[in-house]
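Please look over the chain and its ligand shown here.

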Amino acid sequence: MKSLMVLVFLISLSLQSAFGQSLKANMESANSLFKQISATMNDASRNASNAAEINKMVSLFEKMKTQSPDSGSFSEYQTLTQELIMVLKDLESAFLANDNAKVQGLMQKVNSLKKEGHDKYK
Ligand code: HEM
């Protein structure tokens, strides 16, 4: 009985890594990266590490683009997610170019896309 339980546990772990995290869990991971970036976006000494964190957010949203929300149109959700990915890529470039004025404007865009996404699909 014990070994059966261990087997079931191991199978569930491998299924999780094969299929990845839920949309909600991925959003939460993106959120902790975004909070960290928001708190340090005006500190130019953090630009390289913030660019790397934004790159992680891009990978998360690429995954989330394939994960359907429970409500709303999936294709419109995908269009909005793609728009966000493009802004995040611009942000990565702005951090790498040490253009913190541009960073500020792009962070505002990310916040408004986040709000729009949550108003429509969450
Ligand atoms: C930087 C941008 C974003 C951040 C940091 C973010 C963060 C989050 C967080 C923390 C949650 C979990 C809330 C909870 O239920 O406890 C969430 C849920 C959700 N977000 Fe976002 N979000 C962002 C952008 C977007 C965009 C652009 C969309 C849509 C195009 C979107 C769609 C959703 C949906 C559908 C859920 C509910 C997921 C579920 O519970 O299954 N989010 N988001």
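Predicted model: local features only at pLDDT ≥ 70, side-chain atom pairs only at ≥ 80, totals over all residues.

Residues are numbered from 1 along each chain as its sequence is written. The chain has 5 helices and 0 strands. Helices (H or I, at least four residues) and strands (E, at least two) are DSSP runs, numbered from the N terminus.

**Overall fold**

- Along the sequence, the pattern reads α-α-α-α-α.
- Of the 122 residues in the chain, 12% count as buried. A residue is buried if 20 or more other C-beta atoms lie within 10 Å of its own, exposed if 12 or fewer, and partly exposed in between, with C-beta atoms placed from the backbone.
- Among contacts in the chain with a separation of 6 or more, 60% join residues 24 or more positions apart. Two residues are in contact if their C-beta atoms, placed from the backbone, lie within 7 Å.

**Helix 3 against helix 4**

- Helix 3 (residues 47–64) packs on helix 4 at an angle of about 165 degrees, and their axes are 8 Å apart. Axes are lines fitted to C-alpha atoms, for helices over the stretch in contact, and angles run from 0 to 180 degrees between N-to-C directions.
- Helix 3 is therefore roughly antiparallel to helix 4. Angles under 35 degrees count as roughly parallel, over 145 as roughly antiparallel, 65 to 115 as roughly perpendicular and the rest as oblique.
- Their crossing is left-handed: the near helix is turned anticlockwise from the far one by less than a right angle, whereas clockwise would be right-handed.
- Ala, Val, Leu, Ile, Met, Phe, Trp, Tyr, Cys and Pro count as nonpolar, Asp, Glu, Lys and Arg as charged, and the others, Gly among them, as polar.

**Helix 2 against helix 3**

- The axes of helix 2 and helix 3 come within 10 Å and cross at roughly 160 degrees. Helix 2 is therefore roughly antiparallel to helix 3.
- The crossing of helix 2 and helix 3 is left-handed.
- Helix 2 contributes Leu33, Phe34 and Ile37, among others, while helix 3 contributes residues including Ile54, Met57 and Phe61.
- By class, this contact has 10 nonpolar, 5 polar and 3 charged residues.

**Ligand shell**

- The shell holds 20 residues, of which Lys24, Met27, Asn31, Pro69 and Gly117 come nearest. A residue is near a molecule or strand if its C-beta atom, placed from the backbone, lies within 6 Å of it.
- Helix 2 (23–40), helix 4 (74–96) and helix 5 (100–121) each give two or more residues to the shell.
- Helix 2 gives the most, with 7 residues.
- The shell has 11 nonpolar, 4 polar and 5 charged residues.

**Two single residues**

- Lys24 lies in helix 2. Lys24 counts as exposed because it has 12 C-beta neighbours inside 10 Å.
- Lys24 and Met64 are 40 residues apart in sequence, and 9.3 Å apart in space, C-alpha to C-alpha.
- Asn98 sits in the loop between helix 4 and helix 5. Asn98 has a positive phi of about 55 degrees, although it is not a glycine.
- With 12 C-beta neighbours inside 10 Å, Asn98 counts as exposed.
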